[in-house]
Amino acid sequence: MGLSRWRGGGIILLAVALIVVLSLPALCTAAANSPKKDGSTILLFLGSDSDDNRDDGSLPDGEDGPSDSLQGKAEDAPPEWDEFSDSQDSPRTDEDLDSGSWSQVLEEPSIWDSRNTKFALGIRKMVEAVDEEDPRMLNNAIEILRSEAVDGNAHAQSTLGFLHWMAIGVPYSDAKAYLYHEFAKEGGNPQSKMALAYRHYRNQEYEKAVKLYSELAVITMTSFVSSREGPLLEYVRLNYGLEESKDVRKRFRGEDDDDFQFLEYQARKGHPDFMFQLGVFYYYGLRGVRRDHSKALFWLLKAVEKGESRAFELIGEIYARGYGVERNYTKALECFKAAADRKQHSALNGIGFLYIKGQGVEGKNYTKAREYFQRAAESSNVDGFYNLGILYLKGLGVEKDYARARDLLVDAANKGHSKARYYLAIMLHKGSAGMKKDLTHAAALYKLVAERGPWGRLMRQALEFYIKGNVGKALLLYSRTAELGYEVGQSNAAWLLEKYRGRICIGSSGICTTEERHERAHNLWRHSSEQGNEHASLLLGDAYYYGRGAAKDLERAGEAYIRAKEKHSSQAMFNLGYMHERGLGLPLDLHLAKRYYDEALEEEPAAFVPVTLALTSLWLRQHYSGSFLVKVIDSLPDLQTNLEEWWNKMTVDELDALLVTLLMSLLFVVYVRQRHRQEYAAAAAAAAAPIPMVPPQ
Ligand SMILES: *[C@@H]1O[C@H](CO)[C@@H](O)[C@H](O)[C@H]1NC(C)=O
Ligand SMILES: *[C@@H]1O[C@H](CO)[C@@H](O)[C@H](O)[C@H]1NC(C)=O
């Protein structure tokens, strides 16, 4: 008797717990989401794959070494080593390399006023109009841009292409967007080239994508030599799950940042460690601080005076490059040696370069250069891998060895070294240096390189706008980067649209309707999801599953969850199990369902309660199919919406059980959220602690 009573209560407990489980997919998508991993995983695959064709690649055509066949047209290609370039030509600026970028119009109005007044006026009006949600002003801006575009202004054409793609102030038209970008590309707008390259890449037209991305990668490599801003670009994700990432406001406010001001205060008080850190901030332009080599040198020298030897290497770099000081190779060598003597292995690269250039040392000596690069590589220095890889690739100071070159470059590329990625991309593109021709991977690598190009400034500027509270401007700039193929830009723009509902969105005519807003966000999430953003894939899956922002479509929901699952999303695995268990959008398959539930638990031990409940329901379904209990389980999703009504029909005893169960389930949900908060806080603390010495390129 007691047992059966328990059973009766148990069923209710189970039923109620299941309701909570059923509502978990929505709850967990908000909470359960880990930061995205870098897109460099393709390279890991590449590393192991290439062993198979170690020797099958014929030597590149011609006896004159790989350099010509590696780089296509030699005169277009950047030099392999730009370090300490001794050319006295004034370097090409971002203005030349990224002509017609909105960044320049917004940052340096005076330059543009003298050159191309009407285009600049149109851009500024457009940006203001979107920020102030003023469709009339926007129309005015578009009129200006249109008349400029008709006169053949490539930059105005590029902007119109964007507006048609996003349906801002003009009707949506993919065809018009394409056409405008084609014209603009021919007219020399590099951002249109980016937009087209990304378009081809998405459509898996790799030949076309490779062609455009390789040209853009060359510009990017050139910008590494010349850029005043430097190759360091931090692409900051605004959101963490559905919430704003706490990092954003805390860490990227430049000189206004509390942390930065604390640093400066301590440095002024004479702490060598803080002096050094401040120098690093200025040298690389970290976290929204503007790059300033004079200030960097000032603080680094002070740090060295106080005995902070870590500053030697950067001082050496400053002298070797002649950044804001008269170039002095002798001094550079002294500093590099001082740093290397103190076990700062990256400084060995600097000495290696001086031997490559034959500056500040007895003379050019590739053997010596190789020795230094090798020592750097032996201490796992990424630049060491890259430099040594290039020597093996070219046979400088060593016997040419493509297999070694490739392994070294893959190591460097996997650690995010853009130049290494560039050389691997060329090798895959041309099928040279022992690599099999592989346009798919070549395109992916070129894309990663091209995204470090000068147009990435838009991302930085968007962040600055966001932090200052100009959300509309931030959204517009992120949207532009979304069109250029930046996953973080796509995700940020989508998140802003959802976070700042009822503001900042101008549709094809007037303020966005709810549908327009949803559709725009949905499209952006889709792009981001395709590029491997797990959170975006989950949101996309939910959107299709519940019909939010897109027509309800269970099959597509399944596809999106599968993408998220591939990124090890436990929530997606759970959802897939659920869909297989009920045959929703995916074939009814209880075995597969069980496998997904098990995987979800394996991936995320905190999912123990929902997974156990789901497995129980699955077990009931397998053993008592057609029974009353299974019918109850099946009707739960509908009951969920009528919870109120259901609630009223409960007897007092049942209600007690219900309350207890609900409480427990709620505790669990709170626990999951709490846990993710803690993980997040831990990750943020870890990220905040060390200051990167080597700029992630
Ligand atoms: C370069 O530095 C060395 C050593 O610090 C110094 O002796 C020399 O005078 C400097 N050369 C110039 C041109 O400043
Ligand atoms: C270059 O360095 C190597 C190794 O240190 C040395 O044996 C060789 O003589 C040097 N060559 C020249 C031309 O100085």
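**Figure 1. α29 passes α30 in a left-handed crossing.** Welcome to the first close-up of this predicted model. Helix α29 covers residues 534-546 and helix α30 covers residues 554-566. Their axes lie 8 Å apart, and the packing angle is about 165°. The two helices, α29 and α30, are therefore roughly antiparallel to each other, since angles over 145 degrees fall in that class. From α29, the contact takes in Glu534, Ser537, Leu538, Leu540, Gly541, Tyr544 and Tyr545. Facing them from α30 are Leu554, Arg556, Ala557, Ala560, Tyr561, Arg563 and Ala564. Sorted by type, the residues of this contact between α29 and α30 comprise nine nonpolar, two polar and three charged.

**Figure 2. Asp542 sits in helix α29.** Is Asp542 buried or exposed? Asp542 counts as buried because it has 22 C-beta neighbours inside 10 Å, and 20 or more is what that class asks for. Do look for Ala572 in this view as well: 30 residues separate Asp542 from Ala572 along the chain, and their C-alpha atoms are 9.8 Å apart.

**Figure 3. Helices α15 and α16 pack with their axes 8 Å apart.** Here α15 spans residues 272-284 and α16 spans residues 293-305, and the angle between the two is about 160°. That angle makes α15 roughly antiparallel to α16. The crossing of α15 and α16 is left-handed. On the α15 side you will find Pro272, Met275, Phe276, Leu278, Gly279, Tyr282 and Tyr283. They meet His293, Lys295, Ala296, Trp299, Leu300, Lys302 and Ala303 of α16. In the contact of α15 with α16, 10 residues are nonpolar, two are polar and two are charged.

**Figure 4. Gly322 lies in the loop between α17 and α18.** The helices on either side of this loop are α17 (312-321) and α18 (329-341). Gly322 has 17 C-beta neighbours inside 10 Å and therefore counts as partly exposed.

**Figure 5. Glu133 and a positive phi.** Most residues other than glycine have a negative phi. Glu133 is not a glycine, yet its phi is positive, at about 50°. Look for Glu133 in the loop between α7 (117-131) and α8 (135-150). With 17 other C-beta atoms within 10 Å, Glu133 is partly exposed.

**Figure 6. Ala433 and a positive phi.** In Ala433, a residue other than glycine, phi is near 50°. Ala433 is part of the loop between α23 (418-430) and α24 (439-450). Ala433 is buried, because 25 other C-beta atoms lie within 10 Å.

Figure 7. To finish, a step back from the close-ups. Of the 697 residues in the protein, 48% are buried. Among contacts between residues at least 6 apart in sequence, 60% join residues at least 24 apart.

Notes:
Residues numbered from 1 in each chain as written. Chains lettered and ligands numbered in written order. Predicted model: local features only at pLDDT ≥ 70, side-chain atom pairs only at ≥ 80, totals over all residues. Buried ≥ 20, exposed ≤ 12 C-beta atoms within 10 Å, placed from the backbone. Contact = placed C-beta atoms within 7 Å. Axes fitted to C-alpha atoms, helices over the stretch in contact; angles between N-to-C directions. Helix = DSSP H or I, 4+ residues; strand = E, 2+ residues; numbered from the N terminus. Parallel < 35°, antiparallel > 145°, perpendicular 65-115°, else oblique. Left-handed = near helix turned anticlockwise from the far one by under 90°. Nonpolar A, V, L, I, M, F, W, Y, C, P; charged D, E, K, R; others polar.
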